[in-house]
Amino acid sequence: MIRRLLPHPWLSVTLILVWMALVNRWAVGSLVFAAIIGLVVPLITAPYWPGAGGYSKPQRIPAYLLMVIWDIAKANFTVARIVLFMPRRALRPAWIAVPLDLRRPEAITALAATITLTPGTVSCDLSEDGRALLVHAMHAPDPDAVLDEIKTRYEARLKEIFE
C-alpha cells in the first residue's frame with residue numbers, strides 16, 4: 001500500500017525540499033503544496049520508470065555530494081587561473097571517451113551531471129549502447145589522468161550507491 005502511494009520516496013523528498021527552497025518561505029501553505037507535488041509527481045511519472053530500483057547504499061549519497069561540491073569549488077579556482085593567466089597556446093583541450101561500468105540510467109545521468117557541473121569539463125554525448133560517455137575537458141595535458149579521475153573518483157562511488 002505504501003509503495004503504491006510513494007513509488008519513489010527519494011523523489012518525493014527531493015521535490016518537497018526543492019519546492020521549499022524555490023519558494024524561500026517556510027509557511028504551512030507552501031509545505032502543504034510541496035507535499036502535494038511530492039506525492040502527485042511520482043505517482044504520475046511512475047509508469048515511465050519501469051524496473052527502476054532504489055539505491056543499494058543511500059547512506060553514501062551525502063559523502064558523494066560533499067565531495068562533488070568540494071570538487072566544484074576547486075575546479076572554479078583552477079578554471080579561473082587557466083582563463084586569467086594561461087596563454088592560449090598552452091591550453092590543451094581534449095575529447096575523452098569514458099567507458100562506463102554503470103548500467104542504470106539514473107547512475108549514468110548522475111555521472112554526466114557531476115562531470116558537467118564541475119567547471120572545465122562537460123559531458124557531451126552518450127553512446128547509443130550506453131557504454132561510453134564523451135567528455136570534453138577544457139585543459140587536459142594528460143587525458144588518461146582525467147579519465148582515471150572520472151572512473152575512480154566519481155564512477156566507482158556512483159556504482160556503490162546505485163548498484
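One thing to know before we start clicking: a helix axis here is a line fitted to C-alpha atoms over the stretch in contact, and angles between axes run from 0 to 180 degrees between N-to-C directions. Also keep in mind that this is a predicted model.

**The whole chain**

Start with everything on screen. The protein has 6 helices and 3 strands. Follow the chain from the N terminus and the elements go α-α-α-α-β-α-β-β-α. Along its principal axes, the C-alpha trace spans about 60 × 40 × 25 Å. If you colour by burial, 26% of the 163 residues count as buried. Now look at contacts between residues with a separation of 6 or more: 71% of them join residues 24 or more positions apart.

**Stop one: H2 against H3**

Select residues 9–23, which is helix H2, and residues 28–45, which is helix H3. How do they pack? Their axes are 8 Å apart, at an angle of about 140°. Angles over 145 degrees would count as roughly antiparallel; H2 is therefore oblique to H3. The crossing of H2 and H3 is right-handed.

Next, show side chains where the two helices touch. On the H2 side, pick out Leu 11, Ser 12, Leu 15, Ile 16, Trp 19, Met 20 and Val 23. Across from them in H3 there are several partners, including Phe 33, Ile 37, Gly 38 and Val 41. What kinds of residues make up this contact of H2 with H3? They divide into 13 nonpolar, 4 polar and no charged.

**Stop two: two annotated spans**

Now select residues 30–49 and then 61–84; an unreviewed UniProt entry gives both the feature "transmembrane region". In the model, residues 30–49 are 80% helix and 0% strand, with end C-alpha atoms 28 Å apart. Residues 61–84 are 100% helix and 0% strand, and their end C-alpha atoms lie 34 Å apart.

**Stop three: Asp 71**

Stay with helix H4, residues 61–85, and click on Asp 71. Buried or exposed? Asp 71 has 4% relative accessibility, so this residue counts as buried. Leaving aside residues up to four places away in sequence, Asp 71 touches Thr 118, Arg 153 and Tyr 154.

**Stop four: H5 against H6**

Bring up H5, residues 105–117, together with helix H6, residues 143–162. The axes of H5 and H6 come within 10 Å and cross at roughly 145°. Here, too, is a right-handed crossing, with H5 passing H6.

For the side chains, display Glu 106, Ala 107, Ala 110, Leu 111, Thr 114 and Ile 115 in H5. They meet Ile 150, Tyr 154, Glu 155, Leu 158 and Phe 162 in H6. This contact of H5 with H6 divides into 8 nonpolar, 1 polar and 2 charged residues.

**Last stop: Leu 111**

Zoom in on Leu 111, part of H5. Leu 111 counts as buried because its relative accessibility is 0%. Which residues does Leu 111 touch, not counting those up to four places away in sequence? Select Leu 100, Leu 102, Leu 133, Ile 150, Tyr 154, Glu 155 and Leu 158. To finish, draw a C-alpha to C-alpha distance between Leu 111 and Leu 158: they are 47 residues apart in sequence and 7.3 Å apart in space.

Technical notes: Residues are numbered from 1 along each chain as its sequence is written. This is a predicted model: local features need pLDDT of at least 70, side-chain atom pairs count only at pLDDT 80 or more; totals for chains, interfaces and linings use all residues. Side-chain values use heavy atoms; hydrogens and water are left out. Helices (H or I, at least four residues) and strands (E, at least two) are DSSP runs, numbered from the N terminus. Angles under 35 degrees count as roughly parallel, over 145 as roughly antiparallel, 65 to 115 as roughly perpendicular and the rest as oblique. A crossing is left-handed if the near helix is turned anticlockwise from the far one by less than a right angle, and right-handed if clockwise. Contact means heavy atoms within 4.5 Å. Ala, Val, Leu, Ile, Met, Phe, Trp, Tyr, Cys and Pro count as nonpolar, Asp, Glu, Lys and Arg as charged, and the others, Gly among them, as polar. UniProt positions are given in the numbering used here, feature names are shortened, and annotations may be inferred rather than shown by experiment. Buried means under 20% relative accessible area, exposed over 50%, partly exposed in between (1.4 Å probe, protein chains only).
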